[in-house]
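Here is my note on the model. Please read it with the structure open.

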Amino acid sequence: CVVDTMEEAFPTVLEIIRNCPVDNYLDNIQDQAGRVFRELPNFKVVIKRPNSKHIPEYYEEEKAHLETYYQSVFGDEDGFFQKHLREKGQYEAVLRHIGHLITKDGVQYATRRAILVVPHIIDNPEDLTPLGLVSVYIAPRMLENDVILDFTFTWRTVEAMVGFPYSLYGSVKYAEKILKSVYSTCSISQ
């Protein structure tokens, strides 16, 4: 699914989920609570102009809830995902890696190493509880005289009506936070 903004992403994804033809076995998936749902495995949403200001008008009243969610998972240093992404210095190492590529006369080569991984910690072998976010991949690319950072957020399946808006908003806001850190690391003005 390719859209210009988050504003377009919300209704487009819902429309795809409601109307996409899928095999019957994908229509009859049950979760642990016995609820039946439709799953689109490996569904990808590409947003060409991501900006946290581009939320749909009908989500304006939810903006405070979206922002609270973002702060609790990414914004605060002890946020739910943020603390895992900072474990063992991976966040700082990825920023240094990207900064080195950019400040060394622009991006000289494509990197597949700028990736933040949320560890899947298994305390009880019979109780798999991976977190919702799996990874954040940052791909620096040269476009003429500009450096572009493409972000890919890999999430476990989220419920489209409720979870998708929060995951999408959190992802875009976190990408903006990383961009600010890259600007700071590279002494680039925004």
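**Notes on the fold**

1. Read along the sequence, the pattern is β-α-α-β-β-β-α-α-α-β-β-β-α. That gives six helices and seven strands in the chain. Both are DSSP runs, numbered from the N terminus: helices are H or I with at least four residues, strands are E with at least two.

2. This is a predicted model; local features need pLDDT of at least 70, side-chain atom pairs count only at pLDDT 80 or more, and totals for chains, interfaces and linings use all residues. Residues are numbered from 1 along each chain as its sequence is written, and side-chain values use heavy atoms, with hydrogens and water left out.

3. Strands β5, β6 and β7 form an open antiparallel sheet, in that order. Strands pair if DSSP finds at least two bridges between them. The edges are β5 (115-117) and β7 (146-155), each pairing on one side only. On average, neighbouring strands are turned by 10° against each other, direction ignored. Axes here are lines fitted to C-alpha atoms, for helices over the stretch in contact; angles run from 0 to 180 degrees between N-to-C directions.

4. Strand β6 (residues 133-143) is joined to β7 by 10 bridges. L143 stands opposite D146 in β7.

5. Helix α6 (residues 163-186) packs on this sheet. It touches β5, β6 and β7, and its direction makes about 145° with that of β7. Contact means heavy atoms within 4.5 Å.

6. Among contacts between residues at least 6 apart in sequence, 57% join residues at least 24 apart.
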